[in-house]
Amino acid sequence: MLEKVVEVEGKVFEILGDGFRVWVNGPDGGSVARFNNSIDIHRPASEHGSKGQCLYCTRTQVTPSDWPVFVSKMKELYGVEIPDEFKPDRFL
Ligand SMILES: [Zn+2]
């Protein structure tokens, strides 16, 4: 199990990974991103409002080529750098 806490502009994010899945909890403690069966990057629960929750969701089974997409979207949308060590070594 990998775990890393990163701070971006005063906001704390927690990155968790188990070599198969990665998930990121946002400043309010809720999940904001998952790299699991699909890529799901969401707004924090406190900001769902009328805009909906999805920022970038693929709804398709992830493949190794989705990893750099996930990493760059997390950087773009949240400013969070996902370290290479979190890259899953197993894909379905
Ligand atoms: Zn979504």
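Six strands form an open sheet in the order 1-2-3-4-5-6, and the pairing is antiparallel. Strands here are DSSP runs of E with at least two residues, helices are runs of H or I with at least four, and both are numbered from the N terminus. Two strands pair if DSSP finds at least two bridges between them.

Which strands stand at the edges? Strand 1 (2-8) and strand 6 (54-57) do. Each has a single partner strand, so one side of each is left without a neighbour in the sheet. Neighbouring strands are turned by 15 degrees against each other on average, direction ignored.

A word on where this comes from. This is a predicted model; local features need pLDDT of at least 70, side-chain atom pairs count only at pLDDT 80 or more, and totals for chains, interfaces and linings use all residues. Residues are numbered from 1 along each chain as its sequence is written.

Now one pair up close. Strand 2 (residues 11-17) and strand 3 (residues 22-25) are antiparallel partners over four bridges. Gly17 sits opposite Val22 of strand 3.

Next, the whole chain. From the N terminus, the elements read β-β-β-β-β-β-α. The radius of gyration is 12 Å, close to the 12 Å from the globule rule for 92 residues, so the chain is as compact as a globular protein of that length. That radius is taken over C-alpha atoms, and the rule is 2.2 Å times the number of residues to the power 0.38. The C-alpha trace spans about 35 × 25 × 20 Å along its principal axes.

On to the helix. Helix 1 (residues 67-78) lies across strands 1, 2, 3, 4 (31-35), 5 (39-42) and 6. Helix 1 runs at about 5 degrees to strand 5. Axes are lines fitted to C-alpha atoms, for helices over the stretch in contact, with angles from 0 to 180 degrees between N-to-C directions. Contact means C-beta atoms, placed from the backbone, within 7 Å.

Last, one residue. Val80 is in the segment after helix 1. Is Val80 buried or exposed? Val80 is buried, because 21 other C-beta atoms lie within 10 Å. The cut-offs: 20 or more within 10 Å is buried, 12 or fewer is exposed, in between is partly exposed, with C-beta atoms placed from the backbone. Not counting residues up to four places away in sequence, Val80 touches Val6, Val8, Phe13, Val24, Met74 and Lys75. Across the chain, 23% of the 92 residues count as buried.

Definitions and conventions. Two residues are in contact if their C-beta atoms, placed from the backbone, lie within 7 Å.
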